[in-house]
Amino acid sequence: MVLLTALLLILPLFQQIFKPFKISKLHGVTKVQELPKLAPADWIDSEFQPRFHQYLLENYGFREDAIRLYNQMRYSLFDMSGNENVTIGKDGYLFEPWFIKAYYGADFKGDKHIAAKVRKLKSIQDSLKSYGKEMIMLIAPGKTSYYPEYIPDSMRREKGRTNYQSYIENLRKYGVNTIDCNQWFVDAKDTTRIPLFPKTGTHWSYYGALKAADSVFDYYQSLSGKKLNEAILGNADKTYDINFDDRDIENLLNLMYPLERDSLAYPEVVKIKVDGAEKPTLFTIGDSYFWPIYYKYPIHNHLFNNQSFWYYYYLSFHPESSKTDLVTQLAKSDLVLFVSSTSILSSFGWGGVDAIWKYFQNNPDKKPFAKEIEAHHKMFMEESYELMVERYKQEINESEEKRAYIDNKAKKQGLSYDEMLDMDARWLADQELNNIEQQKQRQKLADMIQKIKNSPDWLKKVKQKAEKNGIPLDSMLILDAQWIIDNP
């Protein structure tokens with residue numbers, strides 16, 4: 001017994017130091033806890049000890065498997081989730097809690113706010129149309145709308161007015177080109193052979209996403225009168241071998257064994273060239289529901305000659321888009337597509353709708369897409385990041401458990417609650433961006449801006465340039481710093 005106890009104590013340490021066993025990493029966002037440096041002052045002030053303790057807690061041998069075992073026991077014995085961002089529904093259906101919140105109207109922004117946002121969309125649509133361009137608003141479905149019967153009893157409440165209801169009413173009222181996949185999916189639920197939502201995933205299924213994409217681009221052809229190449233979904237057998245994306249929130253539970261799943265299908269997309277077809281340019285601003293279309297549907301080079309996806313308006317995914325300002329992107333695009341799921345309509349726009357609307361408002365004479373708007377775009381990107389930080393702060397403050405966690409963490413690190421809240425909210429925002437290269441570029445830009453500020457003569461020249469061009473100093477700093485980075 002003593003030998004077994006000693007072995008249990010020694011093995012994790014042996015694994016931590018030598019790593020003889022290959023352990024799979026946990027799914028989801030994890031913050032790497034670096035080994036703290038020992039400084040005499042930190043030891044005397046008792047700052048080193050809690051940091052070292054935290055390091056050991058997050059780096060001991062077999063930690064990942066220990067967490068999986070713990071999560072499996074909670075799930076199997078008590079039907080409990082080991083991740084606060086995953087809710088266990090009835091019959092093993094999984095949900096993200098904000099989907100449930102949105103379904104019952106707990107995040108309703110109000111009809112006045114939504115009507116104002118939709119009027120901006122209509123204004124953008126009309127302005128783009130005057131340039132021979134089209135705009136479409138795609139409302140992606142919510143899993144809670146598709147499977148309300150599986151919402152756990154503990155989270156059920158009286159249903160109030162929702163962002164989705166108000167958006168649909170206003171989009172119809174003002175005549176915005178809209179595809180409502182939420183209602184479409186609900187209506188098709190009892191007749192479709194293949195589920196449009198996976199049991200243990202949060203987004204629409206692979207099949208559902210491709211059906212939605214097919215409708216969007218058919219609609220674009222009817223609006224524009226342009227003919228595109230065709231993309232036809234082939235037949236596919238149902239399978240229980242579910243791909244990674246269709247079990248995305250199951251992965252976040254980090255269990256030892258896979259959960260019971262529904263069968264899904266993964267049809268091949270057959271590309272057909274059409275005589276006289278055009279290849280326009282697509283510009284999408286949207287949430288994560290666009291990813292399966294971006295990766296799986298033949299929008300690249302087949303339907304469109306060029307396309308760019310600006311994820312939540314913060315990050316652009318295109319070989320050239322990191323150096324392309326908003327107006328240049330609009331100028332070369334034939335179709336501007338907004339994509340938002342019902343669960344995220346409370347924050348829809350993400351700075352992008354306001355940026356485009358302001359551009360057209362500032363150019364009433366319909367000047368060709370002026371380059372000076374670049375400063376506005378970069379300024380909005382910075383503001384949008386701050387809005388993301390504020391969203392996380394609000395989410396933390398709305399949770400008693402999260403507030404207690406931040407308060408305890410702040411005391412351990414000798415910080416005020418607000419300082420710790422800001423640090424954690426910014427860390428969460430950076431993780432949501434989930435793009436290491438983008439974070440490196442952001443840091444490089446911040447360092448260059450600081451370098452300019454540290455040089456009085458350099459800063460003076462930038463101030464003069466800002467006054468001459470009639471733009472804020474912060475925007476001029478961003479522009480100059482980015483130019484230096486791009487032209488080493």
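A residue counts as partly exposed when its relative accessible area falls between the 20% under which it is buried and the 50% over which it is exposed. In this predicted model, E149 has a relative accessibility of 35% and is therefore partly exposed. Its side chain meets that of K189 in a salt bridge, with an N to O distance of 2.7 Å. K189 lies in the loop between helix 9 (181-188) and helix 10 (206-224), and E149 in the loop between helix 7 (143-146) and helix 8 (163-174), so the pair ties together parts that are 40 residues apart in sequence. K189 is also partly exposed, at 23%.

The structure holds 18 salt bridges. One of the networks of salt bridges links K90, D153 and R156.

D422 takes part in two further pairings. The side chain of K393 meets that of D422 at 2.9 Å, N to O. This pair links distant parts of the chain, with K393 in helix 15 (residues 374-397) and D422 in helix 17 (residues 417-433), 29 residues apart. K393 is buried, at 17% relative accessibility. D422 is partly exposed, at 22%. The side chain of R426 also forms a salt bridge with D422 (2.9 Å, N to O). Both residues lie in helix 17, four residues apart, about one turn of the helix. R426 is partly exposed, at 26%.

H302 sits in the loop between helix 12 (291-296) and strand 8 (306-311). Its relative accessible area is 7%, so H302 is buried. A polar atom of the H302 side chain lies 2.7 Å from the backbone oxygen of E230. Beyond its neighbours within four places in sequence, H302 contacts N229, E230, K271, I272, K273 and K279.

Notes
Residues are numbered from 1 along each chain as its sequence is written. This is a predicted model: local features need pLDDT of at least 70, side-chain atom pairs count only at pLDDT 80 or more; totals for chains, interfaces and linings use all residues. Side-chain values use heavy atoms; hydrogens and water are left out. Helices (H or I, at least four residues) and strands (E, at least two) are DSSP runs, numbered from the N terminus. Buried means under 20% relative accessible area, exposed over 50%, partly exposed in between (1.4 Å probe, protein chains only). A polar contact is a pair of N or O atoms within 3.5 Å; within protein, one must be able to donate a hydrogen and the other to accept it, and residues adjacent in sequence count only if both atoms are side-chain atoms. Contact means heavy atoms within 4.5 Å. A salt bridge is a side-chain nitrogen of Lys or Arg within 4 Å of a carboxyl oxygen of Asp or Glu.
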